[in-house]
Amino acid sequence: ATPARLPTASPRRPTTLSYPAPPLLNHQSTMMLVCFLAACMSLRPILAAETATSMAGSESMSNHQYRIHHSHMSHVEPSALISSVLSDVRRQSILQNDGGGSLVDIDVSSTRLDDAAAVSLMKELLPLLKSKIDEADEDDSQSETKARLLIKLALAMNKLTPSGASNLLDTLTKKDDEEDAINATIPVENGAADVREKTNEMNMESDLEETNDMFEASSNEHTANDATLDELTSTDTSQDATTTLIEAPSILVEELDLSFNDIGGHGIHSPNVQMLDSVRRLFEGGGAAFIPRILSVENCGIGPAFCRSVGRGILNAFERKNSGESNNLRYRPSVLRIGGNNAIGDAGTVALAAALRMAMRNDSDCKNVLEELDLSSCNVGDAGAEALALAISSNPGCLSRLDLSNNKITDAGSKALGRALVDAAVTSPTIFEKIILDNNDIGDDGALALAEALAVGAVKSISMRSCSIQAQGTASFGEAVVSLANRNNRKSSHFHVDLSGNHFGTRKIKKKKRSHVFS
């Protein structure tokens, strides 16, 4: 008997998936796409050249930039983390004597470093880098150029307190013969010191309240600035004065990031007079090569007292420079980023503006009092903006880049800034690099003032994203671009305007009234 044949399954047909047809482009979308592609084709040679330049620059820097990143290692003990960072520095040959120098980027953010650990890292790191530079100079003694080293240190999101930050800054500003005094600096806990600290805190609080009352009672920016000027100039410049000159230092601190540490006195920790004195000495400079060029203290709970200390340090530095006591304005912070500190407000902004206005530069060695000032999200209003405008117009070139985004500035503050930029362009050959006013309640009138500054070539870059600018203000920027293109004496060939995030709407065209014809 033949076995029964099993029924064979019929081959399955491949299932066909049906997708909805893509929507057709309308005429407007097609024209926008064509214009975008045409612009890309016209800019292709420029973009190619810029890409080649940036690639060449990155390749040249890749041989001289060394990253030692141990961030977000909260599970590692601070002592073990410091040992790992130092061993990485010892292991690498980070110096090359070709005249270009090297950059060491050390990131220990969010690693639970406390005051003692942060200061210990800095004290052990600097001598180690000094020894490596000495070794490189000995190995290449015939070279005319000495080895140079730049340091970037990120200590953000750790457990630093005002006392620890003060000791850290003192480590950078003190000279070698004062290191023993730094090592002996410990938090004072006896009764007399507590009474003295409480007295200083009470004096600082009363000083802060007096400044705020004086600021609120002022009817214009002149009164507020004059009050702050008297307070800033009352500081004695004889104390902590240093006259030692350092020529061509082999180690320079490029950036120090202390952001997201409660060191300002407006958070959990109380205000610290020692911290304010350290900030003042940092901005005085005094020839210490370890002073960072970029100081980031964002979201640290700092307030007007911190800004007043910065202003005192700036004024002391320029007074010594103008009197011939010091020639080291280069070795002090020139980029200050203090965004995210709501306690600064108008009072702190007025203090900084007063220092910018009074710090007169008698020579061409110092281009700016500050290259960049970041006051984003600092609760700055029109009075603070007007104080900065007064500084820009009275002392042209005191500032190059200004960030006032996410504040409470309206048309009044924007008008003052626009007029100040125009006045500064008339009296000074320098040009303002960039001003950022994103997310402020600025309308068409404020946009018109800044558009006039752009039309005369007083500023290279203007950013007013997510403001209250409508069609009238946008049209003023369009007219400014046309006027700028027709100018033959432009100080720069590249300008940038960002108005994204504004609801432009439709421009209202005023109709001419017809005259009545009488027969």
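Helices H12 (residues 411-427) and H13 (residues 444-455) have axes that come within 8 Å and cross at roughly 10°. That angle makes H12 roughly parallel to H13, a label given to angles under 35 degrees, with over 145 counting as roughly antiparallel, 65 to 115 as roughly perpendicular and the rest as oblique. The axes here are lines fitted to C-alpha atoms, for helices over the stretch in contact, and the angles run from 0 to 180 degrees between N-to-C directions. This is a predicted model, in which local features need pLDDT of at least 70 and side-chain atom pairs count only at pLDDT 80 or more, while totals for chains, interfaces and linings use all residues. Residues are numbered from 1 along each chain as its sequence is written, and side-chain values use heavy atoms, with hydrogens and water left out.

## The H12 and H13 pair

On the H12 side, Asp411, Ser414, Lys415, Gly418, Leu421 and Val422 meet Asp445, Gly446, Ala447, Ala449, Leu450, Glu452 and Ala453 of H13; contact means heavy atoms within 4.5 Å. Sorted by class, the contact of H12 with H13 has six nonpolar, three polar and four charged residues. In this sorting, Ala, Val, Leu, Ile, Met, Phe, Trp, Tyr, Cys and Pro count as nonpolar, Asp, Glu, Lys and Arg as charged, and the others, Gly among them, as polar.

Leu448 also lies in helix H13.

## The H4 and H8 pair

A second pair to look at is helix H4 (residues 162-173) with helix H8 (residues 273-284), which pack at an angle of about 25° with their axes 8 Å apart. H4 and H8 are therefore roughly parallel to each other. H4 passes H8 in a left-handed crossing, meaning that the near helix is turned anticlockwise from the far one by less than a right angle, where clockwise would be right-handed.

From H4, the contact takes in Pro162, Ser163, Ala165, Ser166, Asn167, Leu169, Asp170 and Thr173, and from H8 it takes in Gln274, Met275, Ser278, Val279, Arg281 and Leu282. The residues of this contact divide into six nonpolar, six polar and two charged.

How enclosed is H4? Twelve of its twelve residues are buried, so H4 is largely enclosed by the rest of the structure. Among those buried residues are Gly164, Leu168, Thr171 and Leu172.

## Helices H9 and H11

Helix H9 (residues 304-323) has 17 of its 20 residues buried, so this helix too is largely enclosed by the rest of the structure. Just after H9, Gly324 takes a positive phi of about 85°. In helix H11 (residues 382-394), the buried residues include Gly384, Ala387, Leu388, Leu390 and Ile392.

The expected span is 1.5 Å times one less than the number of residues.

| Helix | Residues in helix | Expected span | First to last C-alpha |
|---|---|---|---|
| H4 | twelve residues | 16 Å | 16 Å |
| H11 | 13 residues | 18 Å | 18 Å |

Arg90 has its place in helix H2 (residues 78-91). At 52% relative accessibility, Arg90 counts as exposed. Leaving aside neighbours within four places in sequence, Arg90 is in contact with Leu128 and Lys132. Arg90 and Leu129 are 39 residues apart in sequence and 8.7 Å apart in space, C-alpha to C-alpha.

Which backbone angle is worth a look at Arg112? Its phi is positive, at about 60°, although Arg112 is not a glycine. Arg112 is found in the loop between strand E2 (102-107) and helix H3 (115-139), and at 32% relative accessibility it counts as partly exposed.

Phe260, likewise a residue other than glycine, has a positive phi near 60°. Phe260 sits in the loop between strand E4 (251-257) and H8, and counts as partly exposed at 47% relative accessibility.

## The chain as a whole

The secondary structure of the chain comes to 14 helices and eleven strands. Both are DSSP runs numbered from the N terminus, with helices (H or I) of at least four residues and strands (E) of at least two. Of the 519 residues in the chain, 46% are buried. Among contacts in the chain between residues at least 6 apart in sequence, 89% join residues at least 24 apart.

Terms used
Buried < 20%, exposed > 50% of the residue type's maximum accessible area, 1.4 Å probe, protein only.
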